[in-house]
Amino acid sequence: MRAFQERRLRWLVHHAYQRVAYYRRLLQDAGVPPERIRTLDDLARIPITTKPDLRRVSLQDRLADDVAPSKRLRSITSGSDGEPSVVIRTAGERNALQAHRLRAQILAGLRPLDLRVSITSHPAPRQRAHHRLGFFRQVEIDSRDDTASVLCRLEGLKPDVVRGQPQTLDRLARIAAQAGPTKLRPRLIFSGADTLTPAARRRIEAAFAAPVVDFYGSEEFDLIAWECRRCGLYHACDDSVIVEIVGDDGAPAGEGRVVATGLHSLAMPFLRFDLGDIARWYVRSLSCPVSFRSMEQPIGRRRDFLPLRGGRALSPSKVEAGLQEVEGLGRYQVVQTSLDRVIVYYEPLPGATPAGVAAAIERACPAIFPPELAFEVRLAAGAIPKSAKRRPVRTCLNGQ
Ligand SMILES: [Zn+2]
């Protein structure tokens, strides 16, 4: 695998230098001729690119100059930070990435005759030929429809596999649980595109009596890693993406930010792109027959994670999952004001007393926050902004 990655990397860097203005400038400014990048150890010579870096570059400068405009397929994602990002690839590249995703789905239990129903905000109008032939069929339905009608459509389609974002699946689970026994009985549920919290997983699995398998990916790379049902860890899609985990100094680390290089993206290359997520390699040797590298569930996706001393970080999912269980708690916002201090602002639900809710939060906090992070529980006197629903956990270090 290493030899494959390195061969592909040399070719990719050479291509990006010759054909893509942004990477030519990046390597020239860093004083790194493409011939210097020969092995995975050389990868760190390439400066890391972040999402804000790319926003300052014109689309033209990010595209290979040898791909005809008619060959460019465009997808736009609306990042939760409000800034849309555009990814362009050719049909061949898209097929290669979809093949890697399909392989992971098969390893997760998908069978050729299964019907997958994908709940997505961009349902495709046309279905691909092999779908119509009956192998690996997939139907897409619109996640923007109201949840009850999505559930109704799913019950009618009788899928073997349901795919969707964790929040969508969780909403479905709640509706299904309220409505009594559901006719929807998928064999598997595939979650992706955002962080799956343990509480959401429990609710979804209970509502549909099927296991949830989580897929970690992004628009830029498609599938990056997936949850293995044999060993419970996430395996990196090593023959599609070179996944690195780096510390604050950009050097390889056991735990840190996820930086990725797409091995099949030539029309719009992504070299050492910072995904803004946190992950940790799993180093112990495994008995799992899947030989791809293993990591723990990536966290902090598109949300604030709380930095801790020593370069570690606390997942906002963990904070949300912990507070979700607090009885009587209405809206809340957790604000980190320094590396060792957080404030939990709360509103009690109607009928709950502030003192009772505060005491319940204080009982829950030691299991949520590590001992070095002191917490303070404060009744919000109109202090919780509307955005707290979207961003219930945030950091406010250095007065930002
Ligand atoms: Zn495994």
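This is a predicted model: local features need pLDDT of at least 70, side-chain atom pairs count only at pLDDT 80 or more; totals for chains, interfaces and linings use all residues.
1. The lining of the second largest pocket is made up of 23 residues. Those lying nearest its centre are Arg 280, Glu 296, Ile 299, Ser 315 and Lys 318. Two or more lining residues come from each of helix 9, strand 12, strand 15 (313-314) and helix 10 (316-324). By residue type, the lining of this pocket splits into 12 nonpolar, 5 polar and 6 charged.

2. Helix 9, one of the elements that line the second largest pocket, spans residues 198-208. Its buried residues are Ala 199, Ala 200, Arg 201, Ile 204, Ala 207 and Phe 208. In an α-helix there are 3.6 residues a turn, so residues three or four places apart point the same way. After helix 9 comes Ala 209, with a positive phi near 50 degrees.

3. The zinc ion is held by four side-chain donors: the SG atoms of Cys 228, Cys 231 and Cys 288, and NE2 of His 235, at 2.0 to 2.3 Å. The arrangement is tetrahedral because the angles subtended by the 4 donor atoms run from 103 to 121 degrees, and the rule for four donors asks that all angles lie between 85 and 135 degrees.

4. Along the sequence, the zinc donors follow the spacing C-x2-C-x3-H-x52-C. Cys 228 and Cys 288 are 60 residues apart and link distant parts of the chain. Cys 228 sits in the loop between strand 8 (222-227) and strand 9 (234-236). Cys 288 belongs to the loop between strand 12 (273-280) and strand 13 (294-295). Both Cys 228 and Cys 288 are buried.

5. Which residues lie nearest the centre of the largest cavity? They are Asp 194, Thr 195, Asp 214, Tyr 216 and Pro 298, from a lining of 11 residues. The volume of this cavity is about 70 Å³, and the count of cavities of 30 Å³ or more comes to 4.

6. Strand 7 (residues 212-218) supplies the largest share of the lining of the largest cavity, with 3 residues. The lining as a whole divides into 6 nonpolar, 2 polar and 3 charged residues. Domain 1 (1-80 + 231-299) and domain 2 (90-218) each give at least three residues to the lining of this cavity.

How values were computed: Residues are numbered from 1 along each chain as its sequence is written. Side-chain values use heavy atoms; hydrogens and water are left out. Buried means under 20% relative accessible area, exposed over 50%, partly exposed in between (1.4 Å probe, protein chains only). Helices (H or I, at least four residues) and strands (E, at least two) are DSSP runs, numbered from the N terminus. Donors are N, O and S atoms within 2.8 Å of the metal (3.2 Å for Na, K and Ca); water is not among the atoms, so sites may look incomplete. Four donors count as tetrahedral if all angles lie between 85 and 135 degrees; four count as square planar and six as octahedral if opposite donors are over 155 degrees apart and all others between 65 and 115; anything else is irregular. On a 1 Å grid over the protein atoms alone, a cavity is a set of points where a 1.4 Å probe fits but cannot get out, and a pocket is an open set with protein on both sides within 12 Å along at least five of seven lines; lining residues have an atom within 4 Å of a point. Ala, Val, Leu, Ile, Met, Phe, Trp, Tyr, Cys and Pro count as nonpolar, Asp, Glu, Lys and Arg as charged, and the others, Gly among them, as polar. Grid points are joined across faces, edges and corners, and a volume is the space filled by probe spheres set on the points. Domain bounds come from an automatic or database domain assignment.
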